[in-house]
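Keep the sequence and the model side by side while reading.

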Amino acid sequence: MNEITMKLNADRLIRMALEEDITSEDITTNSVMRKKQMGEVQLLCKETGVIAGIWVFERVFTLLDENTETEFYVKDGDKVEKGQLLGLVKGDIRVLLSGERTALNYLQRMSGIATYTRQIADLLKGSRTKLLDTRKTTPNMRIFEKYAVKTGGGYNHRYNLSDGILLKDNHIGAAGSVKKAVEMAREYAPFVRKIEVETENLDMVKEALEAGADIIMLDNMTPEMMKEAVALIDGRAQTECSGNVTKENIENLVSIGVDYISSGALTHSAPILDLSLKNLHAVD
């Protein structure tokens, strides 16, 4: 997920967020600002982290008024510090007030994900293991959240259900066995698609190997069992470990030697990065 792709798809979602917040009017702003008045407000950082979503933040205001001007002193992926002035927004004060919450919601959420991802990715430095996100994203926020993961130094797993084949426990249950599920997927899917199988024990790992799975996920196994599985697979398939992976326990997984570690926590449990728009004042 890169910035170009995000820009191609983001406007519709940003408009929906604005429509959620302004159904007919911003009655508070319209009460105190009866006519257009140019103003300027500062974007301030209130805690240390990694910034992500600058363009989305800016786009909220320009969708409300294309004449809104922004000036940023940081770019996506930069480390930011508490008290740092990140940028300025200049335009009709009514637009600045009406767009403030939506713009900050995006920027704080995306920056929080980027910050948390960077913290975990740093723990994998020096290993060959790559950090992946999952589909455990906020509805209608996936495109933004997966972009934030990449900004923080992680990698994107499949974007959606059309993007790749991942045979999980219930797919295997529906098919009848790991072998049958892989056979059916191989028959149905285009040959360019890799087939990943979620396994929960060594017997399933062996069955996935024999069925010719391209990627084998080691799900909710103990570190000791995962080490056995990696030795058993021995490079015949790519390996991914998953299951309640967080910043607190990922160091226990680094030495296992899997190709990928996926973590839903990157998107469903990252706290926001505290940012604010302050010191709004009128300008000529």
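Helix α1 takes up residues 3-21, 19 residues, and reaches 25 Å from its first C-alpha to its last, close to the 27 Å expected at 1.5 Å a residue. The model is predicted. Helix α1 is not straight throughout: at Ala10 there is a bend of about 50°.

Ala10 is also one of the buried residues of α1, together with Met6, Leu13, Ile14, Ala17 and Leu18. The spacing of such positions can be read against helix geometry. An α-helix has 3.6 residues a turn, so residues three or four places apart point the same way. The cover over the buried residues of α1 includes α3 (54-64), α4 (93-123) and α5 (142-151).

Next comes the sheet. It is open and is formed by 6 strands in the order β6-β11-β10-β9-β8-β7, with parallel pairing. At the edges are β6 (130-132) and β7 (165-167), each of which pairs on one side only. Direction ignored, neighbouring strands of this sheet are turned against each other by 25° on average.

Within the sheet, consider β8 (residues 195-199) and β9 (residues 215-219), which pair in the parallel sense over 4 bridges. Val197 has Ile216 in β9 as its bridge partner.

Helix α7 (residues 178-188) lies across β7 and β8 and runs at about 160° to β8. Helix α9 (residues 223-233) packs on the sheet, where α9 touches β9 and β10 (238-242). The direction of α9 makes about 165° with that of β9.

Terms used: Residues numbered from 1 in each chain as written. Predicted model: local features only at pLDDT ≥ 70, side-chain atom pairs only at ≥ 80, totals over all residues. Heavy atoms only, no water. Helix = DSSP H or I, 4+ residues; strand = E, 2+ residues; numbered from the N terminus. Expected span 1.5 Å × (residues − 1). Bend = angle between axes of the 7 residues up to and from the residue. Buried < 20%, exposed > 50% of the residue type's maximum accessible area, 1.4 Å probe, protein only. Contact = heavy atoms within 4.5 Å. Pairing = 2+ DSSP bridges. Axes fitted to C-alpha atoms, helices over the stretch in contact; angles between N-to-C directions.
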